[in-house]
Amino acid sequence: MSTTADAICFEPAGLIPFPLAWSWQQQLQQRLLADPSGPDALLLLEHQPCYTLGRGADEAFLGFDPADPPAPLFRIDRGGEVTHHCPGQLVLYPVLNLQRHGADLHWYLRELEGVVIDLLAELGLRGERIEGLTGVWLEGRKLAAIGVGARRWISQHGLALNVEADLAGFAQVVPCGIADRPVGRLLDWRPELTAAVLRPRLLQCFSQRFGLQLRPPTPQETLQGW
């Protein structure tokens, strides 16, 4: 897709607590709800260790007491089951007016998968989809989890790509409710890769697939808590 519009790109430094990133998404969503003609936006960051549950996620997929989790646990307004966030995992949260991008959530999920597949192709790796499931796999291991939500076609949440993440935290849950397909990370195929190195390449793959020209925020577009 050719570049057709600009989008604000926020790249906070350091490890971001999940509630802060969720607040930023909500602020961006509210802006587009108030002015649907405004620019799309996205956040690219790494989280402090935590677990998140989709709106209808089953706590049976937790390997711990939800009242006493090994890392903060949040139930949020996305689809899907439980997932784990941690350092070394790139998390991309697009806040888009999906009426400008097909107005089709299934299409949107496939395009997010396509962003990761495009990135892996650049690295000489063949990412795969699995029929009936959401995410991206490499040689049978799930590298990218995807879960989204939308309000009046304004999106929240997005994708999480394991680059150099410590996968131990995933052992505490059944990731995405899929017990028979292990989680993986890019480090095990490309030991030279780091999350920092892949940040610009992931953004480029996203901007190309969605036809967006990414730019930094103006002072007027700064987020509360930034």
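Q: Which residues of α3 are buried?
A: This is a predicted model, so treat what follows as computed from it. To count as buried, a residue has to have under 20% relative accessible area. In α3, the residues that are buried are A195, L198, R199, L202, L203, C205, F206, S207 and F210.

Q: What covers the buried residues of α3?
A: The cover includes strands as well as a helix. Among the strands are β1 (5-10), β3 (40-47), β7 and β11 (212-215). The helix named in the cover is α2.

Q: At what angle do the axes of α2 and α3 cross?
A: Two packed helices are described by the angle between their axes and the distance between the axes. Here, helix α2 covers residues 105-122 and helix α3 covers residues 195-210, and their axes come within 9 Å. The crossing is right-handed. As for the angle, the axes cross at roughly 135 degrees.

Q: How many residues of the contact of α2 with α3 are nonpolar?
A: On the α2 side, the contact is made by W107, Y108, E111, L112, G114, V115, D118, L119 and E122. On the α3 side, it's L198, R201, L202, Q204, C205, F206, R209 and F210. Sort them and you get two polar and five charged, while the nonpolar ones number ten.

Q: Which residues of α2 are buried, and what covers them?
A: The buried residues of α2 are Y108, L109, E111, L112, E113, G114, V115, V116, I117, L119 and L120. What covers them includes β7 (89-95), β8 (136-138), β9 (141-151), β10 (154-162) and α3.

Q: What distance does α1 reach from its first C-alpha to its last?
A: Helix α1 runs over residues 18-34, which makes 17 residues. At 1.5 Å a residue, 24 Å is expected. The helix comes out close to that, reaching 24 Å.

Q: Is G158 buried or exposed?
A: G158 sits in strand β10. Leaving aside neighbours within four places in sequence, G158 is in contact with L92, Y93, P94, L112, A145, I146, G147 and V148. Its relative accessibility is 7%, and the cut-off is under 20%, so G158 counts as buried.

Q: How far apart in space are G158 and V148?
A: Along the sequence, G158 and V148 are ten residues apart. Going C-alpha to C-alpha, the separation in space is 5.2 Å.

Q: What is phi of A103?
A: Most residues other than glycine have a negative phi. A103 is found in the loop between β7 and α2 and is partly exposed, with a relative accessible area of 34%. A103 is not a glycine, yet its phi is positive, near 50 degrees.

Q: Is E139 buried or exposed?
A: E139 lies in the loop between β8 and β9. Although E139 is not a glycine, its phi is positive, about 50 degrees. The relative accessible area of E139 is 63%, and the cut-off is over 50%, so E139 is exposed.

Q: Which residue follows α3, and what is its phi?
A: α3 has 16 residues and reaches 22 Å from its first C-alpha to its last. The residue that follows α3 is G211, with a positive phi near 65 degrees.

Definitions and conventions:
Residues numbered from 1 in each chain as written. Predicted model: local features only at pLDDT ≥ 70, side-chain atom pairs only at ≥ 80, totals over all residues. Heavy atoms only, no water. Axes fitted to C-alpha atoms, helices over the stretch in contact; angles between N-to-C directions. Helix = DSSP H or I, 4+ residues; strand = E, 2+ residues; numbered from the N terminus. Left-handed = near helix turned anticlockwise from the far one by under 90°. Contact = heavy atoms within 4.5 Å. Nonpolar A, V, L, I, M, F, W, Y, C, P; charged D, E, K, R; others polar. Buried < 20%, exposed > 50% of the residue type's maximum accessible area, 1.4 Å probe, protein only. Expected span 1.5 Å × (residues − 1).
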